Amino acid sequence: MPAVRDYPFQWFWDSCFHAIVWSRFDPARAADELRGLLAAQDEDGLIPHVVFWKDDLVSRLRWHHLESRTDGRLPFHRTPHTTAQMQPPVIAQAVEHVVHAGAGDAFLAEALPHLERYYRYLAALRDPDGDALVSVVSQFESGLDFSPAYDASVGARTEHPLELFLRTRLPQLLNKLANYDLRTIFRRYRHHQEDVLVNAVYGQGLRALARLAERAGREATSRWAARTADEVTAALLERSWDEGLGLFVNLAGPNERRARVKTVHGLMPLILPDLPPEVAAALAGHLDDPRTFGAPYPVPSVALDEPTFTPDHRVRGFRFIWRGPLSLNTNWFLVHGLRGHGFDELADRIAERSRTVVERGGFNEFYDPLSGRPVGAKRFGWATLVVDM
């Protein structure tokens with residue numbers, strides 16, 4: 001569980017982060033963490049973004065049924081065991097950490113068939129226009145709930161809490177009416193989008209899958225994953241790179257409208273090893289710029305000069321996350337991405353500031369990038385990624 005009180009189920013990318021941290025201390029426990037996700041894999045290959053291990057906590061009045069397929073004729077007839085949504089596909093990276101930490105080839109042999117089914121699912125069913133970029137059908141699939149990067153795509157014109165809530169949940173209602181059938185959603189609706197963070201993590205995960213498959217002697221799978229990863233980076237550069245902003249942007253709907261909002265999404269392709277040096281340098285420049293992402297406690301989830309930036313996890317007293325505070329899971333990605341491109345000093349500075357906020361405020365969901373104070377849910381699992389920076 002990401003946090004016992006606020007998130008009492010198993011979340012996909014949280015478990016992957018937990019496994020990465022566990023692998024530094026107890027590889028067997030780390031492998032077990034990932035087995036919980038693999039056990040919930042659907043027939044089509046999807047590994048869902050939430051597994052409801054505690055049925056008695058599933059509510060008909062909250063989001064649990066809204067994000068799940070209907071089992072039977074009535075929408076709320078049976079308690080769902082999982083959602084029907086994805087999250088950023090970081091599981092191959094997690095498996096690679098666990099294998100190298102000591103779980104070894106036995107765990108790799110167990111996990112690899114699941115990984116191949118999952119990444120082939122993404123390539124086959126999540127890329128309706130065949131441009132190598134996968135699409136999310138809800139902003140909640142990106143893990144960056146309520147980010148202003150999605151405001152325009154869902155029609156939110158103000159930051160009034162009621163408008164933000166209704167506009168962000170409407171696409172999920174439409175998905176529910178389609179029973180989360182992806183072909184129907186992509187054909188009928190316009191709220192799907194190609195998310196930069198999701199695709200950067202997807203590309204990085206394909207690289208990890210290629211290495212794991214090569215280690216296991218699965219040459220065809222390794223070649224497919226490496227070739228697909230190449231295509232992801234090329235597509236992001238061709239379709240999502242915004243020269244004016246010096247950032248990557250989300251592409252909304254079938255017309256791929258650009259969401260020209262400066263958020264942490266735009267920095268995430270730093271994790272791709274084949275990013276051109278000049279593009280990597282432009283992204284690193286933003287992390288050094290005190291006007292955008294070079295906050296006293298980096299990295300804010302929204303640029304400091306964006307009108308929607310808020311250092312807290314609340315808007316007018318209501319919880320709307322990812323609208324400004326820093327999170328250690330995105331910091332973890334960026335620190336390693338910067339090091340991969342030779343920006344060691346900048347990476348060390350972000351890692352040091354990350355350690356500072358944890359030492360002062362404990363393991364938390366978010367932190368204020370101006371003061372470093374903890375905000376969001378307390379005792380939050382992914383903040384332990386600070387040990388891997």
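This is a predicted model: local features need pLDDT of at least 70, side-chain atom pairs count only at pLDDT 80 or more; totals for chains, interfaces and linings use all residues.
Ground rules: local features need pLDDT of at least 70 and side-chain atom pairs pLDDT 80 or more, while totals for chains, interfaces and linings use all residues. Numbering runs from 1 along each chain as its sequence is written, and side-chain values use heavy atoms, leaving out hydrogens and water.

**Exercise 1.** Find which residues have the most contacts inside the largest nonpolar core.

*Solution.* Start with the term: a nonpolar core joins buried Ala, Val, Leu, Ile, Met, Phe, Trp, Tyr and Cys residues through side-chain atoms within 4.5 Å, where buried means under 20% relative accessible area (1.4 Å probe, protein chains only). The largest one has 122 residues, with I91 and Y119 having the most contacts inside it. Its largest share, 15 residues, comes from helix α4 (residues 91-125); helices here are DSSP runs of H or I, at least four residues, numbered from the N terminus.

**Exercise 2.** Classify the ring pairs F9–W11 and F380–W382.

*Solution.* Rings of Phe, Tyr and Trp (its six-membered ring) pair with centres within 6.5 Å; planes under 30 degrees apart are stacked, over 60 edge-to-face, the rest tilted. The structure holds 22 such pairs. For F9 and W11, the centres are 6.3 Å apart and the planes at 45 degrees, so this pair is tilted. F380 and W382 give 4.8 Å and 70 degrees: edge-to-face. Both F9 and W11 are buried, and so are both F380 and W382.

**Exercise 3.** Work out which ring lies under the charged end of R120.

*Solution.* The test wants NZ of Lys or CZ of Arg within 6 Å of the ring centre and within 35 degrees of the ring normal. R120 sits over the ring of W224, 4.3 Å from its centre. Likewise, R169 has its charged end over the ring of F140, at 4.2 Å from the centre.

Conventions. Buried means under 20% relative accessible area, exposed over 50%, partly exposed in between (1.4 Å probe, protein chains only). Helices (H or I, at least four residues) and strands (E, at least two) are DSSP runs, numbered from the N terminus.
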